[in-house]
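Dear colleague,

Please find the structure below, handed over for your own work.

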Amino acid sequence: MMAKAFNKNNFNEEVLKSDVPVMVDFWASWCGPCKMLGPVIEEISEDAEGYKVGKVNIDEEPELAREFGIMSIPTVIVFEGGRPVKQSSGFKPKKALEALIQN
């Protein structure tokens, strides 16, 4: 399954009200490290069992970026029970990101 595109219209339902953990990649199309991280996020979403994976384009959704204090991209936040519980900024290898969601 491909990473889902989250936006202000579906974020509350898909992420904050989710009954499973959700990994959210905050990114932008002009960001070099984001382009490197994109395929990694897609791989993680394909293997996702017991959690969801999605992306927020900060240029299209500046309100969400502000709400969660995104100061640099890429930033990956794991949400559980409607709250951000883990966060990672910058490019990280697949294993490091999987550890965020699985631990």
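Cys 34 is buried, with a relative accessible area of 4%, and Cys 31 is likewise buried, at 5%; buried means under 20% relative accessible area, with a 1.4 Å probe and protein chains only. These two cysteines form a disulfide, with their sulfur atoms 2.4 Å apart, where a disulfide is a pair of cysteine sulfur atoms within 2.5 Å. The torsion about the S-S bond of Cys 31 and Cys 34 is about 75 degrees, so the disulfide is right-handed. A search of the whole structure finds one disulfide.

Please note that this is a predicted model, in which local features need pLDDT of at least 70 and side-chain atom pairs count only at pLDDT 80 or more, while totals for chains, interfaces and linings use all residues. Residues are numbered from 1 along each chain as its sequence is written, and side-chain values use heavy atoms, leaving out hydrogens and water.

As to the fold, the chain contains four helices and five strands, taken as DSSP runs (helices H or I, at least four residues; strands E, at least two) and numbered from the N terminus. From the N terminus on, the order of the elements is β-α-β-α-β-α-β-β-α. The radius of gyration of the chain is 12 Å, close to the 13 Å that the globule rule gives for 103 residues, so the chain is as compact as a globular protein of that length. This radius is taken over C-alpha atoms, and the rule is 2.2 Å times the number of residues to the power 0.38.

Of the 103 residues, 44% count as buried.

With kind regards

Conventions: Buried means under 20% relative accessible area, exposed over 50%, partly exposed in between (1.4 Å probe, protein chains only).
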